[in-house]
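This report describes the ligand surroundings, the strand pairing and the aromatic contacts of one protein model. The sequence and the structure are shown first.

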Amino acid sequence: MENDMVTMALDEVDLLARRVLTRHGLRGDHVDAVARTIVAGERDGCASHGVYRLLVAVNTLKSGKVDPAVEPVITRPAPGLVRADAGGGFAQLAIERALSALVDSARTNGIAALAVNRCIHFAALWPEVEMLVEHGLVALATTPSHAWVAPAGGSRPLFGTNPIAFGWPRPDASPFVFDFATSAAARGEIELHRRAGNPIPAGWGIDADGHPTTDAQAALDGAMLTWGGYKGSALSTMVELIAGPLIGDLTSAESIAWDAGAGASPYGGELIVAIDPAGFLGAAAAGHLARAETLFDALAAQGARLPGARRHANRKLSVAEGVRVPAALHRDIMALLEEEDA
Ligand code: NDP
Ligand code: PYC
């Protein structure tokens, strides 16, 4: 039955991810890095960026648009800047390889930025933000994608789904981390609705004639909408600028032109900023971070929840009980292992 679920332990998910990626040509440390991000997505209950991404990554590998074995090159163009040239490979390995230089640089300078260039990006951004927060740093990450989203007031795709992730370290609690698209929904979310045969909520997309639609395929073929109208549109423009031209990389319109109908994941850059609270505050940092806890407590006191809380709760559950994957998706992933021309 299509509504059936398959339960998998996390190490089974990890093994499956590695087998699928290897079978389809991914090589070297890329396999670990890409599998890690896919397992983390599934573990934390992010269905649009969990094992579903195996279908997406394999599609990209088949398209020939990603270099499956390239070694990222890490340089430090200035004291507060790190560059990771992914060389046309998936973003994950480049990010992992550049992270310690970014942390060092943030500690030395108070603030540092990492430009990840020439990367294929199919993933959520909170893994890199969390890695920085674990070092006691405040972190921000963003990336354009493919031109799928119409600007507020327009009706044709121009922006990517352009996620923004932010993380704040908390001494005795899970970090405050949010990570969402500047479109009303991530494209992956609409793809999952299409797979399940479900309508999408009003406000997520318009059809190719510019009319509002709740049909997932029509929105994918037409244009997605920004979250929060002109506000999301402005934020999305900012993402295009600071993770595109500012770091010498592609806008979402340039990325989809580069794709030329191949159907691969977006190609371009990611900007990651890390700030050391001790940079401004020195020994007073701990006292000021404690004031942040007052803010979080006041938020919780109203019954509101912190972003990241659901993921962390899911993480505990997934470690203990495994994850539940839709049977149809599991079947499609298993079929990737059987493909003869892989
Ligand atoms: P959502 O709209 O699901 O929003 C997710 C964020 O909002 C999470 O931080 C979540 O915390 C928080 N949140 C959700 N509900 C609440 C609530 N009621 N109270 C407080 N916080 C809440 O995300 P999207 O669908 O827009 O994006 C999903 C993922 O897709 C992201 O990880 C993003 O990076 C990725 N993406 C990647 C792209 C790329 O180009 N690489 C493009 C677009 C998206 P929690 O997790 O705890 O629920
Ligand atoms: O879900 O919008 C999305 C997305 C784009 C690239 C990776 N995820």
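A polar contact is a pair of N or O atoms within 3.5 Å. The model discussed here is predicted.

**Surroundings of ligand 1**

With this cut-off in mind, the backbone of Ala-181 may be considered: one of its N or O atoms lies 2.8 Å from an oxygen atom of ligand 1. Asp-179 approaches through its side chain, where a polar atom is 2.6 Å from an oxygen atom of ligand 1. For Arg-311 the atom concerned is a polar backbone atom, at 3.3 Å from an oxygen atom of ligand 1. Of the 920 Å² of accessible area that ligand 1 has on its own, the protein covers 75%.

Two elements give two or more residues to the shell around ligand 1, namely strand S8 (176-180) and helix H12 (309-321). The greatest share comes from S8, with 4 residues. There are 22 residues around ligand 1, and those that come nearest are Ala-123, Asp-179, Ala-181, Gly-308 and Arg-310. Sorted by class, this shell holds 12 nonpolar, 6 polar and 4 charged residues.

**Surroundings of ligand 2**

Which residues surround ligand 2? They are His-49, Arg-53, His-121, Phe-122, Trp-148, Thr-161, Ala-186, Arg-187 and Gly-188. The shell around ligand 2 comprises 3 nonpolar, 4 polar and 2 charged residues. The table lists polar contacts made by side chains with ligand 2.

| Residue | Atom of ligand 2 | Distance |
|---|---|---|
| His-49, polar side-chain atom | nitrogen | 2.8 Å |
| Arg-53, side-chain N or O atom | nitrogen | 3.4 Å |
| Thr-161, polar side-chain atom | oxygen | 2.7 Å |

Taken alone, ligand 2 exposes 240 Å², and 91% of that is buried by the protein.

**Aromatic pairs**

A pair of aromatic rings is described by the distance of the centres and the angle of the planes. Phe-176 has a relative accessible area of 14% and is buried.

A further pair, formed by Phe-180 and Trp-227, is tilted, with 5.9 Å from centre to centre and 45 degrees between the planes. This pair connects distant parts of the chain, as its members are 47 residues apart. Phe-180 belongs to strand S8, whereas Trp-227 lies in the loop between strand S11 (223-225) and helix H8 (230-242). Are these two residues buried or partly exposed? Phe-180 is partly exposed, with a relative accessible area of 39%, and Trp-227 is likewise partly exposed, with a value of 39%. Ring pairs join Phe-166, Phe-176, Phe-178, Phe-180, Trp-227 and Phe-296 into a cluster.

Helix H8 contains Ser-236. This serine is buried, because its relative accessible area of 0% falls under the 20% limit. The side chain of Ser-236 is joined to that of Thr-182 by a polar contact of 3.4 Å.

**Strand pairing**

What is the order of the strands in the open sheet? The sheet consists of 4 strands in the order S6-S11-S9-S10, and the pairing is mixed. Strand S6 (149-150) and strand S10 (212-213) stand at the edges; each has a single partner strand, so one side of each lacks a neighbour in the sheet. Between strand S9 (residues 205-206) and S10 the pairing is antiparallel and extends over 2 bridges. Ile-206 has Pro-212 as its bridge partner in S10.

Elsewhere, strand S2 (residues 73-78) and strand S3 (residues 81-85) run antiparallel and are joined by 4 bridges. Within this pairing, Val-73 stands opposite Asp-85 in S3. S2 and S3 form a hairpin, with 2 residues between them.

Notes: Residues are numbered from 1 along each chain as its sequence is written. Chains are lettered from A and ligands numbered from 1 in the order in which they are written. This is a predicted model: local features need pLDDT of at least 70, side-chain atom pairs count only at pLDDT 80 or more; totals for chains, interfaces and linings use all residues. Side-chain values use heavy atoms; hydrogens and water are left out. A residue is near a molecule or strand if one of its heavy atoms lies within 4 Å of it. A polar contact is a pair of N or O atoms within 3.5 Å; within protein, one must be able to donate a hydrogen and the other to accept it, and residues adjacent in sequence count only if both atoms are side-chain atoms. Accessible areas come from the Shrake-Rupley method with a 1.4 Å probe; for residues, only the protein chains shown count as cover. Ala, Val, Leu, Ile, Met, Phe, Trp, Tyr, Cys and Pro count as nonpolar, Asp, Glu, Lys and Arg as charged, and the others, Gly among them, as polar. Two strands pair if DSSP finds at least two bridges between them. Buried means under 20% relative accessible area, exposed over 50%, partly exposed in between (1.4 Å probe, protein chains only). Rings of Phe, Tyr and Trp (its six-membered ring) pair if their centres lie within 6.5 Å; planes under 30 degrees apart count as stacked, over 60 as edge-to-face and the rest as tilted.
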